[in-house]
Amino acid sequence: RFACTASCRFLVPSNSRYFNDDEVKKIAEALSNFSIETINKRLKFRGLEEDSYNHLFEYTYNPLVRYYQDADEKGNAMFLDFG
């Protein structure tokens, strides 16, 4: 397991993001608190068709939540590259 100190954050490129294990836990908890109803309300407000909601939830949101939950359960940190 890689432990990043405050100084290693300076090595992360600007288009990337490092989350320590505590941050991953917080993200997993926050994502888990959203329901399909909450997401539907937000997307409906933005004018998306309702058929799109379930597809978005099943094929995008649920896998994202499971990814963060898995990382949290393993005590992993996370490095994301948006480049």
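In what sense do strand 1 and strand 2 pair, and over how many bridges? Select residues 16-19, which are strand 1, along with strand 2: the pairing is antiparallel, over 4 bridges. (Two strands pair if DSSP finds at least two bridges between them; strands are DSSP runs of E with at least two residues, helices are runs of H or I with at least four, and both are numbered from the N terminus.)

A quick word before moving on. This is a predicted model, where local features need pLDDT of at least 70 and side-chain atom pairs count only at pLDDT 80 or more, while totals for chains, interfaces and linings use all residues. Residues are numbered from 1 along each chain as its sequence is written, and side-chain values use heavy atoms, with hydrogens and water left out.

Now click F19, whose bridge partner in strand 2 is M78. (Buried means under 20% relative accessible area, exposed over 50%, and partly exposed in between, with a 1.4 Å probe and protein chains only.)

Next, select F19, V24, Y61, Y68 and M78 together. Of the 13 residues in the largest nonpolar core, these touch the most other members. (Such a core is a set of buried Ala, Val, Leu, Ile, Met, Phe, Trp, Tyr and Cys residues joined through side-chain atoms within 4.5 Å.) Helix 1 (21-32), helix 2 (36-45), helix 3 (50-73) and strand 2 (78-81) each supply at least two of the core's residues, and helix 3 gives the largest share, 5 residues.

Zoom in on Y61. Beyond its neighbours within four places in sequence, Y61 is in contact (heavy atoms within 4.5 Å) with L31, S32, F34, I39 and L56.

N62 is buried, at 17% relative accessible area.

Last stop: helix 1. Which of its residues are buried? Highlight V24, A28 and L31. They cover an arc of only 70 degrees around the axis, so they lie on the same side of helix 1; the arc is that of the directions from the helix axis to the C-beta atoms. Finish on K25, also in helix 1, which counts as partly exposed at 38%. Draw a C-alpha to C-alpha line from K25 to E73: 48 residues apart in sequence, 8.3 Å apart in space.
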